[in-house]
Amino acid sequence: MGTTPLFPVSASTMAPRVDALYFFLIGVTVFFSLLIAGLIVYYAVKYHRRSTDAVGERIHGSLWLEVTWSVVPFLITMVIFVWGASVYFAIASPPAETLNIYVVGKQWMWKFQHLDGQREINELHVPVGRNVKLITTSEDVIHDLFVPAFRVKADVIPGRYVNIWFNATKPGRYHLFCAEYCGTRHSGMIGEVVVMEETEYQDWLSGGGQEGSLAAAGEKLFADLACNTCHRPDSAGRGPVLTGLFGQTVTTQAGEMVVVDEAYVRESILNPSAKVTAGYQPIMPTFQGLVSEEGLLELIEYVKSLQAQPQAQPLSDAR
Amino acid sequence: MPTVLLPPRHYLNNGYGIRSWLLTRDHKRIALLYLAAVTFFFFVGGAFAVWIRLDLATPAGDLVSDETYNKLFTMHGVMMVFFFLIPAIPSVLGNFLVPIMIGAKDLAFPKLNLASWYIYMLGGAFTLYALVSGGVDTGWTFYTPFSTASSTTNVIPTALGIFITGFSSILTGLNFIVTIHRMRAPGMTWFRLPLFIWSTYATSLINVLGTPVIAITILLVAAERLFQFGFFNPALGGDPVLFQHLFWFYSHPAVYIMVLPAMGVVSELVAAGCRKPVFGYSFVAFASLAIAVLGFLVWGHHMFVAGESVYSALIFSILSFMVAIPSAVKVFNWTATMYRGAVSWETPMLYAYGFIGLFTIGGLTGLFLAAIAVDVHVTDTYFIVAHFHYIMVGGTIMAYLGGVHYWWPKISGRLYNEGLAKLSAGIIFIGFNLTFFPQFVLGYLGMPRRYHAYPEEFQVLNVLSSAGASILGVGYLIPMVYLMWSLRYGRAAGSNPWGAVGLEWTTTSPPPTENFSQTPVVTWNAYEYSPKVDHVA
């Protein structure tokens, strides 16, 4: 049976921060549980009913005590709230520079697409010491990507892109679970995250990926679907120029300001008339059912790669 | 001790035969109809739990298939939540006690009360049909789009069963609210009401306001599943997370539907067990209402990892901490009530001790889940399973059993075997902790809930939990035996075996059909033990 751990491995920069709050909460729990249990046992013994017609003293309460035991717990919970919220901010805010990996969940497997073109199923290779962002979506029902050793988890929701980020601190192999019930083989929707030293990771990267980069696959799909007849590099096309568009803010016909992010690109492919850029006609047909979730991710990555070349970008914004 | 006899005329001997029960409008008989029904569903749900734990004794889950396992935990949850925990205390103890405690002859709408029971049974019949005709595998939470687009099991009959049963909750809640407003005996002012009445009142408010939301949600699920309306399935243009908002808008308050009546029972047990007024009566009473109101504002804490925006998460987090405060106030007040009391070690009080201890742990572990950063790690794991079983089983079922033992002499007119009762209370306490404490550890280790198979390193803790479940199962069976036995062979209890105050102890055991030989006039506050007031009619 092997060893029986009682505490999970800590293998990300977030893990010690979550654990610290966890230990504080255990302290609070143990203190109050022992206080209550101790008082109950003490009073039960000390004031044990000694005759059948004994009655208790007529004590109705104490405003002073009521205020104390309302305010003190309230203050303690506010400490926990602020602490929990600040760590949560860190969990919910990926750093600016991340190594991006796309994730598609489906009943009952995890599919990973690396930018260089490697594809994996139920196994995810990442380098140690780098900020990794998983951009996740689902093909069917809600799943949840959970890596206990990293203390991160997020629902993987069909029709949405949810980001999960971590920075692994220890090379090794860690459990990857689906944590949202998703049907028959839910408990089989598991895998491993393989954290590797940077050099090993580079070796691993160069070992696979004969299909070319994800953006290249997207470019091919872009041509196959004839997107390029309207979305042309020059402004002569019937659709907006996509070069340099990703990350910009555009104005729709309704006058709404929209940031061009993964979700907007996805929506514009599947439901083009929802948010048409001002100055263009709603003539684009829907591609609902024509592009797989993976295909959408390839197209998104292709759009991301279309950065305006001449414009000098600060080096740090390379990706 | 002088020989006590049952009164010559009481609600149990006022008519025999099946019709006198199935057509009764007596709230006490209806309470017993519910008692039989919820006990049945409790043991059905419990059998599923034992089956689940047996299967989880090995990492590979060798006992049943994946499909069967998923149906087992779904039916366990559906049975326990909708057919036991939600109705148990209000429908059994509430039905029996609300009119008697306020000095009324019956509920405001006796026929409606009987109708509630039939509606409940009809809902139960649908759900049992869903069960025997193949089961359902969505989990009791029915998350979309799995429930509307993916599951091939009996989602509709099960959901329909829950839909129907909801009307029983609404009507019972309505009946209690009207009764408490309109039927109190002369002199029974609001602040003379037993705290069980306050908590039943708060529960009824939630039932009336919250249950329609789950009913509508179920209809939306059915419409999407049957007619492809795109409410929740993104492939049809819906939003899967919308379902979770609707579901938890009811189902979080439903947690308080399950636990508020339990708190009311414990207030009664502690007062009678200490022969003393409940410390801070008005704080305990208003804490119930505060919980009922705040309980409607915290549903989003079930969705911290479900694509909720950072700022909504913060709001739901802080509100969730705030709803913990009235519960903490209650725990402190119950404990303080023991100070300088005449403290009993009889069975009902043992259950009250168990409730306070386990509910404290359940409540404090709730703080882990309100703290968003920790919730991200432990949500959807066994930590959650452990937490809510401490509240539901350690809290609600402990209080329910404590209440059944406390009022059993009133309900049946007879005494049970105190030795066996204490023994089973001890077995339940030990079995409960052995079952659920290891699950906290498993949860933080990362074992997801609803897993049929799990990595081998989790086996030792799972075996401990399964061993505990078998002990717990035995603990629950013993009261069935001695309570049944007492019905025939138990000594007559007399009208007030505990030396408790409260109107229910002023009438005979069992009470007459009309509860009191003449309408009581109340001139004292609740829990007036000292100086002793003799107010037997």
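1. Strands here are DSSP runs of E, at least two residues long, numbered from the N terminus.

2. Before going further, please keep in mind that this is a predicted model, in which local features need pLDDT of at least 70 and side-chain atom pairs count only at pLDDT 80 or more, while totals for chains, interfaces and linings use all residues. Residues are numbered from 1 along each chain as its sequence is written, with chains lettered from A and ligands numbered from 1 in the order in which they are written.

3. Strand β2 (residues 109-114) of chain A pairs with β3(A) in the antiparallel sense, over 3 bridges; pairing requires that DSSP finds at least two bridges between two strands.

4. Both strands belong to an open sheet of 5 strands in chain A, ordered β3-β2-β1-β5-β8, with mixed pairing. At its edges stand β3 (119-121) and β8 (162-167) of chain A, each with a single partner strand, so one side of each has no neighbour in the sheet.

5. As for domains, whose bounds come from an automatic or database domain assignment, chain A is divided into domain 1 (8-40 + 61-211) and domain 2 (214-317). Their contact takes 12 residues from domain 1 of chain A and 8 residues from domain 2 of chain A, counting residues whose C-beta atoms, placed from the backbone, lie within 7 Å. On the domain 1 side, the elements giving two or more residues are β1 (99-106), β2 and β5 (131-138) of chain A.

How values were computed: Helix = DSSP H or I, 4+ residues; strand = E, 2+ residues; numbered from the N terminus. Contact = placed C-beta atoms within 7 Å.
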